[in-house]
Amino acid sequence: MSAYAAPKPEENDDISNIDTWTVVTRKYGRLVNIQFNVRGTIIAGKFITLYTLEEGYRPISYIVHNYISQNRTPMVLNILSSGEVQIWATATITNDWIIRQCITFVCDS
């Protein structure tokens, strides 16, 4: 098993006030598990890249995961084969939970 904590993104016009950032990626053979626990502010209506997965942790194909945030906002989590981890919200989330999810997938190597 190997693991690393994802770096907290720089705050900008799209994502800010990140007071909780716990994103841990674990790899077991070719299975990767990411646990997200993120609270802050995010604008609606565009894909926002949170970070890029390290090589060896990237999915073999594009992943789309739909979920409902704790404040009942429909959300999308994308993980691209290039490693970009993106989120999208239907409404602006202000100082609340953005993503509290756990996702597992097969990696590229």
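These legends describe close-up views of a predicted model.

**View 1. Strands β1, β2 and β3 pair in an antiparallel arrangement.**
β1 covers residues 2-5 and β2 covers residues 15-28. Four bridges join these two strands, which run antiparallel. Here Ala5 stands opposite Val24 of β2. Val24 also stands opposite Gln35 in β3. Strand β3 spans residues 31-42, and eleven bridges join β2 to it. β2 and β3 form a hairpin with two residues between them. In the turn, Gly29 has a positive phi of about 65°.

**View 2. Asp14 sits in the loop between β1 and β2.**
Is Asp14 buried or exposed? Asp14 counts as buried because its relative accessibility is 19%, and the cut-off for buried is under 20%. The Asp14 side chain makes a polar contact with the side chain of Lys46, at 3.3 Å. Beyond residues up to four places away in sequence, Asp14 touches Thr41, Ile42, Ile43, Lys46 and Ile48.

**View 3. The largest nonpolar core has 30 residues.**
Which residues have the most contacts inside this core? They are Ile34, Phe36, Tyr51, Leu53, Leu77, Ile79 and Ile98. The elements that give two or more residues to the core are β2, β3, β4 (48-52), β5 (63-68), β6 (74-79), β7 (84-89) and β8 (93-106).

**View 4. Trp21 and Tyr51 form an edge-to-face aromatic pair.**
A search of the whole structure finds three aromatic pairs. In the pair of Trp21 and Tyr51, the rings are 6.3 Å apart, centre to centre, with 90° between the planes. Trp21 lies in strand β2 and Tyr51 in strand β4, so the pair ties together parts that are 30 residues apart in sequence. Trp21 is buried, with a relative accessible area of 16%. Tyr51 also counts as buried, at 5% relative accessibility.

**View 5. Phe47 and Trp88 form a tilted aromatic pair.**
The centre-to-centre distance is 6.3 Å, and the angle between the planes is 35°. Phe47 lies in the loop between β3 and β4, and Trp88 lies in strand β7. The pair links distant parts of the chain, 41 residues apart. Phe47 is partly exposed, with a relative accessible area of 42%. Trp88 counts as partly exposed too, at 25% relative accessibility.

**View 6. Tyr51 is in contact with residues from several places along the chain.**
Neighbours within four places in sequence are left aside here. Tyr51 is in contact with Tyr4, Ala6 and Pro7, among others. Its contacts also include Trp21, Val23 and Thr25. Ile34 and Phe36 are among them as well. Tyr51, Ile34 and Phe36 are among the residues with the most contacts inside the largest nonpolar core.

**View 7. Ser69 lies in the loop between β5 and β6.**
Ser69 counts as buried, at 6% relative accessibility. Which residues is Ser69 in contact with, leaving aside neighbours within four places in sequence? They are Met75, Ile93, Trp97 and Ile98. Ile98 is among the residues with the most contacts inside the largest nonpolar core.

Note on methods: Residues numbered from 1 in each chain as written. Predicted model: local features only at pLDDT ≥ 70, side-chain atom pairs only at ≥ 80, totals over all residues. Heavy atoms only, no water. Buried < 20%, exposed > 50% of the residue type's maximum accessible area, 1.4 Å probe, protein only. Polar contact = N/O pair within 3.5 Å; in protein donor to acceptor, adjacent residues only side chain to side chain. Contact = heavy atoms within 4.5 Å. Pairing = 2+ DSSP bridges. Core = buried A, V, L, I, M, F, W, Y, C linked by side-chain atoms within 4.5 Å. Phe/Tyr/Trp six-rings, centres within 6.5 Å; stacked < 30°, edge-to-face > 60°.
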